[in-house]
Amino acid sequence: FFQAEFCIRYQPRSRGLGDVYKRQNDFRGIFFYMETPEQMNWEGSPLEVIEQGDRTLLRFNFINLPTRLDHSLHYQFALQATPVRKRDRRLERMLFGYPFFWKSEMIEPKHTAEGKLPAAVLWEFGRIEKDYRVTDPDRMRRMTANWQSCGVEMLVNIGSGFFVEDEPGYQHYGPEWNQQPPVRYPNHAGTGVTLVKVCPRSSFPDYFLWWVKEMIEKYDIGGIYLDLSGPVGCANPHHGCGFERDGEWHMTAEQFACREFYKRCYTFLKEEGAKRGREFYIFQHSAEGIVTTFVDMMTKGEGWSAADDFDTLTPTYFRTCESWSHLGVPYTFYPTVSMPVYRGGKYRAPHHEPLACTLLHDVLTVGHWKEQIMGDLLPVWKAWDEFEIDQAEWVPYYHRDARVAPSTAQLLASFYIGPGRLMIVASNLTRDPVEGHLRIDRRALGLPDGGLPVHEIHSGDRQVLASDVLPVRIGPKNFRLLRIN
């Protein structure tokens, strides 16, 4: 039998503040990664979590059944603690979109909080290869320069594991680069270009870094937007993927090679930026876990495109599967069900519906469409700045903290505590209007006595908190962002 055991001791934040590594803490934890079940033979769970008072034991069962061994064993696995870095909320306000639905008035400095927000425009990799680099490279340079004059960087939308089938590099190295079984995207995004899936364990990353450097030097791009990316599995023996068991060839998930690929791209772009006195970005769509250490910004949520509403986006589901801010990497939710044009004539859920859920989790939605930015997101950004949100203590609704207590189960409330002030996100995620109140423990929150001004951020409504009870009325699938004092 073969097991690996790791003991994780809980460390208090500082003397007198107690243990911050609670079981309900969503932000401090451990990821476990392994690429293949090769040379494993177990029943039950391969991972056990055993609590032992002030420590927790993680036990990995590689073999817990009688097994005949006829060769040496080799295992590669990794542990990664979260968060992986200090959160940079500035990049969570990055505006991004495609040129064909972005308008110049959307990116004027007055619309981006005094012009201090980063912004990026995406251009399909296949379209660049087909329409610009080959047929009209001068147009590509002019387009990049035109966007930069508005303070916007051009990011190339490409997958970390996809390349153009007709590109000379692929024609030469394709058999060694290919993912097996093969995956092809004919006429990707209507460009007439076929994309093919390649594996980061191959020599493809070497070629890709050369390609990115050429794009910077020749076309002055501002970075890359990695879509259709991440470890997915490969069985190509030409570059070391796959393994044999019981006479069959199986896939390995190229997690460590993918992590190294991202690390190389991130390091290269940061070093190039330092040399050139500018910032280059890696914007990741739907990255999770092992690769997110090496991206500037990530977004997730396009999988909801098939839904017609957000009714199944429960707070528990969002907290478990869609709220990735615990990594520390700037993260926003991508609410495609609320986006015009994208829905193709289907019902479009109002943008306040996903915001009612995301803001409860201290998460923003993507800055993607002008009406949503101007009406919904910009007021939040400004309110956060005025509140000095980075210095505030955040208390999520699932802690059931009695200092801000909703009067009914239909009301959920997360809140931020600053010196002598309070900001509350109160949400109603039901299909019926809710009327109730929030009981606020002033003394425990450090709020002064007497009447305190209450400002509702989006409507501009103002009232006075004269006692410890704040009446609230919230429409279906909606929220109120309340600033007190």
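This is a predicted model: local features need pLDDT of at least 70, side-chain atom pairs count only at pLDDT 80 or more; totals for chains, interfaces and linings use all residues.
Let me begin with Val183, which lies in the loop between helix H3 (168-177) and strand S10 (184-185), where helices (H or I, at least four residues) and strands (E, at least two) are DSSP runs numbered from the N terminus. Residues are numbered from 1 along each chain as its sequence is written, and side-chain values use heavy atoms, with hydrogens and water left out.

Together with Tyr185 and Leu228, Val183 forms a nonpolar patch on the surface, with about 220 Å² of accessible area for the three together. Patches here are made of residues with over 30% relative accessible area and no salt bridge, with like charges joined within 9 Å and nonpolar side chains (Val, Leu, Ile, Met, Phe, Trp, Tyr) within 5 Å, and the areas come from the Shrake-Rupley method with a 1.4 Å probe, only the protein chains shown counting as cover for residues.

Three strands form an open sheet in the order S9-S11-S10, with antiparallel pairing, and two strands count as paired if DSSP finds at least two bridges between them. The edge strands are S9 (162-164) and S10, each of which pairs on one side only. S9 and strand S11 (residues 195-197) are joined in the antiparallel sense over three bridges, and within that pairing Phe163 has Val196 in S11 as its bridge partner.

Let me now turn to strand S21 (residues 412-418), where six of the seven residues are buried, so the strand is largely enclosed by the rest of the structure. S21 runs antiparallel to S19, with three bridges joining the two, and Trp394 stands opposite Tyr416 in S21. S21 also runs antiparallel to strand S22 (residues 421-428), here through seven bridges, and the bridge partner of Tyr416 in S22 is Met423. S21 and S22 form a hairpin with two residues between them, and Gly420 in the turn has a positive phi of about 70 degrees.

Staying with S19 (residues 393-395), Val395 is found in this strand and is buried, with a relative accessible area of 3%. Leaving aside residues up to four places away in sequence, Val395 touches Asp401, Arg403, Ser414, Phe415 and Ile417, a contact being heavy atoms within 4.5 Å.

Which residues touch the most other members of the largest nonpolar core? Of its 80 residues, Phe208 and Tyr416 do, and the largest share of this core, nine residues, comes from helix H4 (residues 204-219). A nonpolar core is a set of buried Ala, Val, Leu, Ile, Met, Phe, Trp, Tyr and Cys residues joined through side-chain atoms within 4.5 Å. Beyond four places in sequence, the contacts of Tyr416 include Leu359, Asp362, Trp384, Phe387 and Arg421. A second, separate core of 22 residues includes Ala426, Leu452, Leu482 and Ile484.

My last topic is charge pairing. Side chains of opposite charge can pair when their charged atoms come close. The criterion for a salt bridge is a side-chain nitrogen of Lys or Arg within 4 Å of a carboxyl oxygen of Asp or Glu, and by this rule the count comes to 27 salt bridges. Arg87 forms one with Glu92, the closest N and O atoms being 2.7 Å apart, and Glu92 counts as buried at 2% relative accessibility. Asp362 and Arg89 meet in another, at 3.0 Å from N to O. Asp362 lies in the loop between helix H7 (352-358) and strand S18 (364-365) and Arg89 in the loop between strand S5 (77-82) and strand S6 (95-97), so the pair ties together parts that are 273 residues apart in sequence. Both Asp362 and Arg89 are buried.

Lys300 and Glu322 also meet in a salt bridge, at 3.3 Å from N to O, linking distant parts of the chain, with Lys300 in strand S16 (residues 297-300) and Glu322 in helix H6 (residues 315-322), 22 residues apart. Lys300 counts as buried at 12% relative accessibility, and Glu322 counts as buried at 4%. Finally, salt bridges that share partners join Arg87, Arg89, Glu92, Asp362 and Asp390 into one network.

Methods:
Buried means under 20% relative accessible area, exposed over 50%, partly exposed in between (1.4 Å probe, protein chains only).
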